[in-house]
Amino acid sequence: MSDEAVVSPAPAEQLYGCVVTYSRGEKVIHASRENYIATLKKAIDDSFTMCTDLTAVDFLTYASTNRQLPSGINGERFEIVLNLISLERRERLRLRVQIAEAEVSLPTAFDLFPGTEAMEREVFDMFGIEFEGHPDPSRILMPEDWEGHPLRKDFSVGRIPVQFKGAPS
Amino acid sequence: MTSNLITATPAATGEGPQEMRSRSELTAKEVLREVGSVLRMSEKEASELTSSPVENDEEQTMIINMGPQHPSTHGVLRLMLELQGEKVLRCKPIIGYLHTGMEKQAEELTFMQGGTNVTRMDYVSPLNNELVFSLAVEKLLGIDGDIPERATWMRMLLSELNRMSSHLLFMATNGMDMGAVSMMIYGWREREEVLRFFQKVTGLRMNHNFIRPGGLAADLPAGWRDDVLTILEGLPSRLAEYDILMTNQPIWRERLQGVGVITAEEAVALGASGPILRSTGVAWDLRRDLPYLKYKEVEFDVIVGSYGDSFDRYAIRLNEIRESMKIVYQILDKMPSGDYRIQDKKVTPPPRARIDESMEALIHHFKIFTEGFKVPEGEVYVGIESPRGEIGCYIVSDGSPKPYRLHMRAPSFVNIQALPHMMRDGLIADAVAVISSIDPVLGEVDR
């Protein structure tokens with residue numbers, strides 16, 4: 001195991017038109033917002049038929065210079081991380097998409113992987129990232145009238161008043 | 001300062017309501033969500049479904065709540081069911097009643113303390129949660145190849161025993177849900193024997209925080225082998241009783257066969273894993289297909305079903321207990337001697353005796369328990385086979401002693417999405433059978 005976290009092979013390896021990096025030996029591809037759906041379609045055709053996990057990271061307090069992204073990818077505040085599995089080839093593939101703070105949205109992957117329905121709702125609930133075309137864009141874990149998105153780095157873990165419906169004010 | 005927030009009116013934050021809407025407000029898209037995309041149904045077909053005359057008659061259907069405090073929902077799962085007579089037309093699981101912000105909490109805890117947090121997510125198989133967390137942290141540290149053999153085999157032993165205890169609990173709850181009340185007592189009884197062993201080894205029956213980054217908290221106690229053998233020798237006759245009481249019993253079969261059917265394509269599309277995926281005939285077990293620990297060196301069968309119904313899921317779990325017993329026997333044979341944790345000063349505290357004689361050991365001990373250890377920058381995802389399916393741990397580290405982001409891919413959270421699909425057009429009496437066969441743990445669903 002090398003100490004270096006991201007080893008960018010030279011010349012940059014490409015997969016489905018995206019740059020490939022390796023994080024601790026795990027294959028990661030970096031898609032852009034624009035080619036996100038197209039990349040997923042190519043991945044499905046390449047037998048990555050199962051999306052096991054979709055989550056997000058808020059990089060607000062993490063200097064983007066330290067983020068070990070390949071050249072050509074600008075670190076934005078949010079990042080969507082998908083983990084795909086190929087049952088045929090017994091492989092995992094991770095896909096990372098940068099999402100700028102100015103436009104916190106992404107097309108939904110629901111049409112390709114219906115199993116991302118709850119995961120996208122969770123990401124919306126926790127990070128406020130909207131998924132365009134999602135059939136049920138509502139909160140999933142927090143109460144529906146909750147304000148704010150708890151897993152954002154600027155959401156304090158300090159004391160906050162209870163925000164439930166009908167709570168005495 | 002806080003009073004502003006309290007008096008603030010609940011602002012229209014833009015997101016839709018969580019509850020199931022009545023059929024008059026139902027859009028084609030919503031039907032599509034339940035069946036369409038899974039079955040690759042076009043939007044036109046879906047809209048025809050919503051406008052079919054019988055279903056559109058709102059007087060004939062009603063929406064009822066099942067849960068969040070219904071005993072057969074395994075905790076605080078709330079289902080909104082639209083019924084037409086006894087038939088379930090639509091179902092929407094509503095979750096979040098047990099949400100305690102554990103992923104947010106994890107960002108405030110060091111890697112040293114993280115185990116206490118993750119072990120409380122899936123409280124029925126806590127050791128698997130700790131295991132996946134530890135594996136992810138070790139991968140980030142780059143010490144995943146240096147874990148002592150004995151630690152690895154001990155982890156496998158505990159993980160397999162935990163799989164048995166979890167499936168035994170499923171036997172109990174599934175029996176109870178179906179009305180086989182004596183089964184409930186039997187299942188808990190057998191599980192208790194495994195938990196008694198855990199108590200002897202880890203000091204606790206549940207939420208052990210025993211598997212830690214770098215190895216385990218302690219070595220196995222004297223006499224552990226006899227204790228494991230007692231469990232293993234007692235179980236087969238009990239499992240044979242289960243076969244008499246349930247598997248071969250016509251009432252039991254009638255109750256479960258053909259209920260909550262899901263096909264292989266649907267299960268893969270929905271991301272379902274574990275016994276649900278295997279019940280459809282897909283032989284996918286991470287222990288065999290993406291092996292971790294030493295699963296390459298043990299022999300076991302991956303149990304698959306063929307119909308994708310509740311009975312298959314029951315039978316798979318029952319036989320997985322037997323497979324786990326097989327694995328545990330092999331572990332007993334192969335358990336090497338050696339250290340139970342890595343002696344890497346960065347990760348593990350010094351032995352207790354050293355603290356009395358060495359100033360450096362004392363400082364080291366103090367530092368590791370107050371500040372924790374620093375983990376190099378990077379991001380990893382590790383997935384292992386928990387009793388419920390793939391449990392995954394995604395960690396982003398910024399080089400500090402606390403994870404920058406920790407996400408647990410909870411198998412129950414994803415598997416619950418299959419519920420509306422399995423229940424559609426079934427009977428309300430079967431709803432309980434379907435929920436039970438998913439075997440959700442709500443602590444993990446809501447985190």
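Select strands E6 (residues 378–386) and E7 (residues 389–397) of chain B, which pair in the antiparallel sense over nine bridges; helices (H or I, at least four residues) and strands (E, at least two) are DSSP runs numbered from the N terminus, and two strands pair if DSSP finds at least two bridges between them. This is a predicted model, in which local features need pLDDT of at least 70 and side-chain atom pairs count only at pLDDT 80 or more, while totals for chains, interfaces and linings use all residues. Residues are numbered from 1 along each chain as its sequence is written, and chains are lettered from A and ligands numbered from 1 in the order in which they are written.

Stay on this pair and follow the hairpin that joins E6(B) to E7(B) through two residues.

Next, colour E6(B) by burial, where a residue is buried if 20 or more other C-beta atoms, placed from the backbone, lie within 10 Å of its own. Nine of the nine residues of E6(B) are buried, so the strand is largely enclosed by the rest of the structure. In a regular strand the side chains alternate between the two faces of the sheet. On one side of E6(B) the buried residues are B:Gly378, B:Val380, B:Val382, B:Ile384 and B:Ser386, and on the other they are B:Glu379, B:Tyr381, B:Gly383 and B:Glu385.

Move on to helix H20 (residues 428–438) of chain B, which is mostly covered, with nine of its 11 residues buried; among them are B:Asp430, B:Val432 and B:Ile435. Directly after H20(B) comes B:Asp439, whose phi is positive, near 55°.

Finally, show helix H15 (residues 310–334) of chain B, whose axis comes within 9 Å of that of H20(B) and crosses it at roughly 35°. The contact (C-beta atoms, placed from the backbone, within 7 Å) is made by B:Ser310, B:Arg313 and B:Tyr314 of H15(B) and B:Ala433, B:Val434 and B:Ser437 of H20(B).

How values were computed:
Buried ≥ 20, exposed ≤ 12 C-beta atoms within 10 Å, placed from the backbone. Axes fitted to C-alpha atoms, helices over the stretch in contact; angles between N-to-C directions. Contact = placed C-beta atoms within 7 Å.
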